Amino acid sequence: MQNAHTHMTECATEAARVARGVDVPPPVTAPTVCDGWDLRELINHWVLYTAHGSECRALRRSIPDELAGRDFAARGDWAECYATQLERAVGAWSDPAVWTGDIDTGNGSAPAAETAAMLVMETALHGWDVARATGQEFRLSGPAAAFLLETVEGYAALYRQYEGFADEVPVSGAASDFERALALSGRDPGGPGAL
């Protein structure tokens, strides 16, 4: 639990930093690397699931319908609101009791530690997507990148089955763990817009 919570905290901090680097308001139709999603749609998904959804999962609550339809990115202070909600979510996961038992994921249930790992994955991968779309970098420490890679390896086939990931992108043998995680999830770390 402790290592996973450390990685969750790191990813949340980096996500908040990237969010603060996005123009306000975000361009409605700015393209992203996520097929079929413009920047506004990507941000709304990112905020909903990695901040509000993460707290709801920790508290064993469903995501309220009102949040599911909210345009978070329409607010001028959306990045600060996101950062505050990320802190609440990470705080909710700081209780060791939260890491025991199963959590209802909306499509079944999963052990709490697995749910947390998927939330870290969602925060990092979509954080990278937003960073790439806005000319920024999403940076992870070596341990957090290794945790992310292990998580992506564990879920890539399932996510691909439900079209959550595109086909794996080839990378060189010298690729970092973060680059390998991105590539395995169908993202091209060296593609158009690479920094």
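**View 1. Gly-186 and helix H7.** Helix H7 is followed by Gly-186, whose phi is positive, near 95°. Helices here are DSSP runs of H or I with at least four residues, strands are runs of E with at least two, and both are numbered from the N terminus. The model is predicted: local features need pLDDT of at least 70, side-chain atom pairs count only at pLDDT 80 or more, and totals for chains, interfaces and linings use all residues. Residues are numbered from 1 along each chain as its sequence is written, and side-chain values use heavy atoms, with hydrogens and water left out. The buried residues of H7 are Phe-178, Ala-181, Leu-182, Ala-183 and Leu-184. Buried means under 20% relative accessible area, exposed means over 50%, and partly exposed lies in between (1.4 Å probe, protein chains only). These buried residues of H7 pack against helix H5 (112-133) and H6.

**View 2. The whole chain.** The protein has 7 helices and 2 strands, and their order along the sequence is α-α-α-α-β-β-α-α-α. A compact globule of 195 residues would have a radius of gyration near 16 Å, and the protein agrees because its value is 16 Å. The radius is taken over C-alpha atoms, and the globule rule is 2.2 Å times the number of residues to the power 0.38. Along the principal axes the C-alpha trace spans about 40 × 40 × 30 Å. Buried residues make up 49% of the 195 residues. Of the contacts between residues at least 6 apart in sequence, 69% join residues at least 24 apart; a contact means heavy atoms within 4.5 Å.

**View 3. His-45 and its surroundings.** His-45 lies in helix H2 (residues 39-58). Leaving aside residues up to four places away in sequence, His-45 touches Trp-37, Glu-122 and His-126. With His-126 there is also a polar contact between side chains, at 3.5 Å. A polar contact is a pair of N or O atoms within 3.5 Å; within protein, one must be able to donate a hydrogen and the other to accept it, and residues adjacent in sequence count only if both atoms are side-chain atoms.

**View 4. Ala-12 in helix H1.** Ala-12 is found in helix H1 and counts as buried because its relative accessibility is 9%. Not counting residues up to four places away in sequence, Ala-12 touches Leu-86, Val-90 and Thr-123. Ala-12 and Leu-184 are 172 residues apart along the chain, and their C-alpha atoms are separated by 22 Å.

View 5. Most residues other than glycine have a negative phi, and most peptide bonds are trans. A cis peptide bond joins Val-24 and Pro-25, with omega about -10°. Pro-25 lies in the loop between helix H1 (2-20) and H2. Arg-60, a residue other than glycine, has a positive phi near 60°. The loop that holds Arg-60 runs between H2 and helix H3 (65-68), and Arg-60 is partly exposed, with a relative accessible area of 36%. Glu-163 is not a glycine either, yet its phi is positive, about 60°. Glu-163 sits in the loop between helix H6 (142-161) and helix H7 (177-184). Its relative accessible area is 73%, so Glu-163 is exposed.
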